[in-house]
Amino acid sequence: MIRNYIKTAFRSLLKNKGFTALNVFGLALGLATCLIIVFYVFDELNFDSYNKKADRIYRINEEIKFGGNENSYAVSPAPAAAALKSDFPEIEQAARFRNQGGNLVKKGNQNIKEDLMIYADNSILDIFTLPMIFGNPGTALSEPNTIVITERIAKKYFNRTNVVGQVLTFNNTDPYKITGVIKDIPLQSHFHFDFFIAMAGLQESRDNAWFSSNFNTYILLKPGADVKKLSAKLPEFLHKNAGPQMESILHLTFEKFEQTGDYFKLNLIPLKKIHLESNSVGELAANGNIQYVYIFSAIAIFILLIACVNFMNLSTARSANRAREVGVRKVLGSPRKYLIAQFLTESIMVTLAAAVIAVFVALALLPSFNQMAAKELTVTSHMVIRLVPVLLAVVLIIGFLAGSYPALFLSGFQPINVLKGKLAAGFKGGRLRSFLVVSQFAISIFLIIGTLVIYNQLKYIQSKDLGYNRTHVLIVWGPFGESARAIKGEVKHIAGVQNATLTMCLPTVNYGNSTSFFKDPMVDQKKALLTQEWTVDENYINTLGIQMLSGRNFSKDILMDSTAVVINESAAKLLNFTDPLNQFLYSPSDNMATKMNKYHIIGVMKDFNFKSLRENVTPLLLTLGEDRGALSMKINSSNIPLLLDQVKDKFKQLASDQQFRYSFMDEDFDSIYRAEERMGKIFITFTSLAILIACLGLFGLAAYAAEQRTKEIGIRKVLGASVITIVRMLSVDFIKLVIISILIASPLAWFAMQKWLQGFAYRQEIQWWVFAIAGLGAILIAFITISFQSIRAALANSVTSLHSD
């Protein structure tokens, strides 16, 4: 019986090649898109899952509201790890990272800048799954001046992996003994480091400072530990350990501190949630965004729904063509259940064929998607084992769902009505079909509006006045040694270099050093300012084109400027001085505030965006000093390659042992919003696919609508109807449905994109023309699709159309 179903279904599908091709192509395109999105979502949701103990690993996060500022931090105090392990028996192990940036590493006669370095406790090897190829994981990071490196770095510097006992020299002065080699860290990790330096050599790690937070702290819970109960104990834990220092610094208890609305809290975040759900200050790398996972998952479902709708629509639309077949079968005694089975078999066969094609299409398109999404997605054997059963289940589900209505609809025809020709056919007879057309075009219009909003926001970001001039700023990356000022002086003499500044504190660098300042030497919570503190030189403000609102810039000729500060508007507002110029600020010189440093305000600069446009401008304070992290030059040259060569020559003359690494500030700025840019491109691609699939269905429906009204068209033409009249008659019903789709999709899209835009502190409001373009575009696309069939039907020979009658 099943064999007969398959044979009959195969013949029926071959008999209607156009219908079959449309259905298979539409479903294959929808399934292929879904598969690619599934690969992406699977990759994002499985970050850090390579750790065998991932379900028991948590990071300690910190939340602070103080001095007019409010922030979430991925770091915590140095003593927190040891205290947590000591106070809570449910904690099996605790470990810390301390990120202090990169170092120059000696290789032959050259120093190579390595950025992926971090200080680490030896216990990280107990918590995280970092397989050690050579060395003893129990002691590898126990002694000062020892390091564990990855397999990649071992090959890079020694051309082999067994390098335990070898020495690497940092910054020409500091020797570090290699005590272990681990496998390269998987791509699906929220941190990627190649050098793990023993925390034992870092004095800061031994400080008992509860109000200085610089350490990424992780804990491993014992099996069966209750994380909710542990979280509930953290406030008391913090009060006990940090309370004495708060009383010493602020002369307040925690209770009185919190009565004003300020707070200092610790909380736990599961390891697997860090990549998608954490965007705190001090992250070890740029994280993803759970919103994008939700959005792309929704797009996958939408596109699959559109493809399934096409299947159902085309199958029911061609019902008249198979009505007599059903009538004859019923007269010959075929039960309804056999007819249902027959139509479901056809549906599943089409779905299976589409699924097979979709797999090959998805694999073929995966490299292009990787390039667009900046991912390295691969199909692993583990993924295949999990995917094949799911795909088969999807084939059956889609086959039954997409084929259920056509099967029930067609098998329910009454033989007497069918054979007498009384069956209502064509487009007008299908209310469900109209509903489905509205649904799929509403989804397409929703995606069009979303794409336009994202594009508009990205254009706004690129054109917004940030308060500093990022164009034509060349950055040469250090760190520079004693030759830093000499290099700066030499490059300023190059024609085309207008100015230059030495500092790592740049608006396009994720710099998160917050410091507390007070309005008088007596530490008072109500007179506090929590602000970013940047060390810059006297050329910084002019090089970046930052506008001074009052006061003056730093001067190297004024000795008192070593204790001077320039503040931004936001800091001035929070300090609330009548006139901030020549006022004084005080900052603790140590963690216990036993001594205060005194600064005088010499200028107020206009606010500029030194963070992402997702955030409001926060207080910023500039101090005069020497930071050799980078050299930024304001350039004005029509021959950039020549200028680069000249800068490189000066660099090599004075720092011959260092690599010449450079970038342009506007490109660095663009990279901050690369995720949104990539999302926009992916949105456009998926929206185009959704529209294409919807148009395939509309094309098929228009063809069948024209076919069902062939004789009517012939009669109208004989009676003098023009081609335009015929096209209007065939198009108007479809266009009405598209207009209904616009009315449904527009408010839904407005609400969804408004939610997305709320993630930006600075955003472009959704304009009316977005809905106008989306609506008119959908109508135009639908009309063009329908017109092809309508014009073809209108131009057909009337004699041929009426010949059968």
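Which residue in E6 is the bridge partner of Lys107? Select strand E5 (103-107) and strand E6 (110-114): the partner of Lys107 is Gln110. The model is predicted, so local features need pLDDT of at least 70 and side-chain atom pairs count only at pLDDT 80 or more, while totals for chains, interfaces and linings use all residues. Residues are numbered from 1 along each chain as its sequence is written, and side-chain values use heavy atoms, with hydrogens and water left out.

E5 and E6 pair in the antiparallel sense over 5 bridges (pairing requires at least two DSSP bridges between two strands; strands are DSSP E runs of at least two residues, helices H or I runs of at least four, both numbered from the N terminus). Their hairpin has 2 residues between the strands, and Gly108 there takes a positive phi near 65°.

Next, select helix H5 (residues 151-158), where Ile153, Ala154, Tyr157 and Phe158 are buried (under 20% relative accessible area, 1.4 Å probe, protein chains only). These residues lie on the same side of H5 because they cover an arc of only 105° around the axis, taken from the directions from the helix axis to the C-beta atoms. The buried residues of H5 pack against strands including E5, E6 and E9 (146-150), with contact meaning heavy atoms within 4.5 Å. Asn159 follows H5 and has a positive phi, near 60°.

Now select Tyr540. Beyond its neighbours within four places in sequence, Tyr540 contacts Trp534 and Leu622, among others. Phe296, Trp534, Tyr540 and Leu622 have the most contacts inside the largest nonpolar core, which has 114 residues (buried Ala, Val, Leu, Ile, Met, Phe, Trp, Tyr and Cys joined through side-chain atoms within 4.5 Å). Helix H14 (residues 431-463) gives the most to this core, 14 residues.

Methods
Buried means under 20% relative accessible area, exposed over 50%, partly exposed in between (1.4 Å probe, protein chains only).
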